[in-house]
Amino acid sequence: MATKLLPLGNNMLMLKSYITIALRNIFRNKVYSAINIVGLAIGMAACFFIFLYVRFELSYDKFHKNGDRLYRIPMSYHGNANGIATTHPAVGPAMKAEFPEVVEFARLAKPGTFSPNSTMWYTNEKGQKKIFNEANFYIADAAFISMFSFPFIEGNPATALTAPATIVISESTAKKYLGTTHALDKVLVMNEMPLKVTGVFKDVPPNSHIKFDMLLSLATAGEKWAYTEWGWPEFYTYIQLAPGADPKKVEARLPAFTEKHLAAKMKEFNFKARFHIQPVTDIHLRSTFKGEPEPNGSERTVYFLSVLGILTLVIAWINYINLSTAKSMERAREVGLRKMAGATRAQVILQFIFESFLVNCFALFICILLILAFAPFFDQLTGKKISAGFLNSGLLGMWKFWVAALLIFIAGAIQVGIYPAFLLSVFKPAMVLKGKFLRSNKGIAVRRILVSGQFVLSILLIAGTIIVYRQLSFMHNQQLGYNIDQVAVVKAPSVFDSTFTAKANAFKTTLQQNPNIKNVAPSTEIPGKTIWARNTVRRFNQQRSEGLVGDLIAIDHDFVPTYQMQLAAGDNLPQQQSGEIFQTLKTKALVNEEMVKELGYTSNKEILHQNILMVSYFGDISCEVVGVLKDHHQRSLKDPIHPMMYYQDNNRIWAHFSVSMNTKSAGKTLDYIKAQYDKFFPGNAFESFFLDEYFNHQYQEDERFGDIFVLFTVLAIVIACLGLIGLSTFAIKLRTKEIGIRKVLGATVQGIVYLFFSDFIKLVCIAAVIAIPVVYLVASKWLNNFAFHIQIGWAVFILAPALLMIIAFITVSIQSARAALANPVKALRSE
């Protein structure tokens, strides 16, 4: 028994010895230990936060039970560049009938497909009314609920949307109107149409590509036409494939399906259409189609952030390796004595790796504290409840997560500890005890390589930050071609009657009488919105097959002055309009320069007073072009400029009133607008917003990416600076006596600072040569996401290394200047 217990006892004694030596070294070298531990902790925390963000972005629509069999059917005109996320109502039913692989379909349509705006109210038993404008809902097929996994609190999901005039609402909506989630069989009224609540579902999770508060049954709008209508491409169409069905085979048959149902229209209107099959789980990160229900993320952004998280941790690891190898020269005699006393090479290696584990454990503890402290800030930065979702998602209870985290931790600890351990264990005790290891250039060369690697990563991050913020600044400051400052947009009423046109004109006239209001312009669309009204436009003497697809907006004569749009040729629309355009099939219009080019005119003046034809359900409308607007950005600079036509229709059911105001008294002016709105449009909820905020909302995801990128770049550079502080401090310590001698011989402080910094200058230059080509390639790929973007230019390749050199100079010079200012007598006494 004694012989069996002896190895265990020896192992325990050895372990105790390892712990004692490791703790002694950590507390003896407090500065270096603190730099290592804090650097590793920041690197771990940064990497973990980026992991949370990336995991959240990759989790979109993964919660659906049948998610791997759910697909969306978008379509494109003349290729993917003009693709839209929606399609014709009849596509879903036709695919279920003609494709054996398709077992179910569901369609969603935005409320604007049927009505520009929607007002909803609930009247309780006491006669009290709660009224709101609602936009975040869809008209949906009954099958949508069974295909997707949005759990119900009340009601039967299988039958909830089968009948006309039925609606299902979220638990938050139920509380908003009724104060409780028990809303089954209650009646809500939308635009004077009673709707029976047949179900209450849990709030849509944030990682869904489509978010809604309510679903209205498609049967309410009448379903018969929806099975035969091959126009009106404004329906999100989803299909569910049978288990084991191959989506590639389905997609291979879509061209023939397109030709069968759209051949006549494609020939008549001269366009080429193509249907696509898109996994629902790919929509958030990979979809490039126009008209998405929510702002999408970017697969490239997720990739860049993943690399950023890894780089931040790698920089922290390099710090540890650099400082450990530097400090190992001080511990060389310790290792020599241990080997003289009989320690094997394996035991020496194990000791240093164990010490690395202990340092990493301290760093992990601080990392956890940092995560808990800064999780709310990170959620605020990303605009998403990522950390809370992580803690509540059940991931912490999954063994795979803990195994993966443990393996990463062990790999990191071994990786940063293995090199110093092997470096020391390879030398012979006699050489080490004679101090020859201190004069060896091997360790210095390795540290220079690692520092150069750190500088390469730092230049990549600094250059990336500069390019990201230059592009964001370019998008915000680029001239749009119109004015969006101090323009308030009022949503038009959704409850109206035959007197709407007269009331709208009176409302506009009344507002214009206010001295704080410059102008008022009603329209069907506003800048920043996706234009859903798209149809064929052609010259008067052309056939329909010779036309092009353009964006169409109905306006009156005040739209151009309200937005201060610039005319390239011709005049604005006249104030008066003769007759109803859908009766006379005649009106006047403005077009942009892109439309002029696409129609084949050689100059802007050539198209003036020419009649171009606009296709409508009432027949071809002849539009006399009275003016050409300079090209402008209807949406963000990610989108190219499309052919656009603004046609006059003073008798339109408007969707918006744009109000240009003076800079002073905006709050009082809005109160005045609301009072007049309530007077002219009683029974409607007033809703307004400032257009600049609405327009810039398109850049929200890009801005968040920029903020995240900058934050973690700063953290990575802070970690690198910690390493430089440690290395420069150690280098100065080794050369303390040399500094004293130089001071005695007349060396200046500047000369001593340059002595220590000159090596870093060379390393920064080498790093710049390596990093610049990588910066150019990666930045070019990212900028290709934008139709309009900055040119990278040579300035960034000079500025990034220059900034790094300044940061390195400040970091190193503080330490070296302190040593240079010290008393040389003390330096000469140092050992």
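Mentor: Rings of Phe, Tyr and Trp pair if their centres lie within 6.5 Å. Keep that in mind for this predicted model.

Trainee: How many aromatic pairs does the structure hold?

Mentor: It holds 42 aromatic pairs.

Trainee: What describes a pair of aromatic rings?

Mentor: The distance of the centres and the angle of the planes. Take F507 and F680. Their centres are 6.1 Å apart, with 65° between the planes. Planes over 60 degrees apart count as edge-to-face, so this pair is edge-to-face.

Trainee: Where in the chain do F507 and F680 lie?

Mentor: F507 is in helix α16 (residues 500–512), and F680 is in helix α21 (residues 666–680). They are 173 residues apart, so the pair links distant parts of the chain.

Trainee: Is F507 buried or exposed? And F680?

Mentor: Buried means under 20% relative accessible area. F507 has 0% relative accessibility, so it counts as buried. F680 has 15%, so F680 counts as buried too.

Trainee: Which residues form one aromatic cluster?

Mentor: F63, F144, F148, F150, F152, F201, F212 and Y238.

Trainee: Which charged ends sit over rings?

Mentor: The charged end of K129 sits over the ring of W121, 4.8 Å from the ring centre. That of K176 sits over the ring of F132, 4.7 Å from its centre.

Trainee: At what angle do the axes of α2 and α11 cross?

Mentor: Helix α2 (residues 30–58) and helix α11 (residues 345–382) cross at roughly 45°, and their axes come within 7 Å. That angle makes α2 oblique to α11. The crossing is right-handed. The residues of this contact divide into 20 nonpolar, three polar and no charged.

Methods: Residues are numbered from 1 along each chain as its sequence is written. This is a predicted model: local features need pLDDT of at least 70, side-chain atom pairs count only at pLDDT 80 or more; totals for chains, interfaces and linings use all residues. Side-chain values use heavy atoms; hydrogens and water are left out. Axes are lines fitted to C-alpha atoms, for helices over the stretch in contact, and angles run from 0 to 180 degrees between N-to-C directions. Helices (H or I, at least four residues) and strands (E, at least two) are DSSP runs, numbered from the N terminus. Angles under 35 degrees count as roughly parallel, over 145 as roughly antiparallel, 65 to 115 as roughly perpendicular and the rest as oblique. A crossing is left-handed if the near helix is turned anticlockwise from the far one by less than a right angle, and right-handed if clockwise. Ala, Val, Leu, Ile, Met, Phe, Trp, Tyr, Cys and Pro count as nonpolar, Asp, Glu, Lys and Arg as charged, and the others, Gly among them, as polar. Rings of Phe, Tyr and Trp (its six-membered ring) pair if their centres lie within 6.5 Å; planes under 30 degrees apart count as stacked, over 60 as edge-to-face and the rest as tilted. Buried means under 20% relative accessible area, exposed over 50%, partly exposed in between (1.4 Å probe, protein chains only). A charge sits over a ring if NZ of Lys or CZ of Arg is within 6 Å of the ring centre and within 35 degrees of the ring normal.
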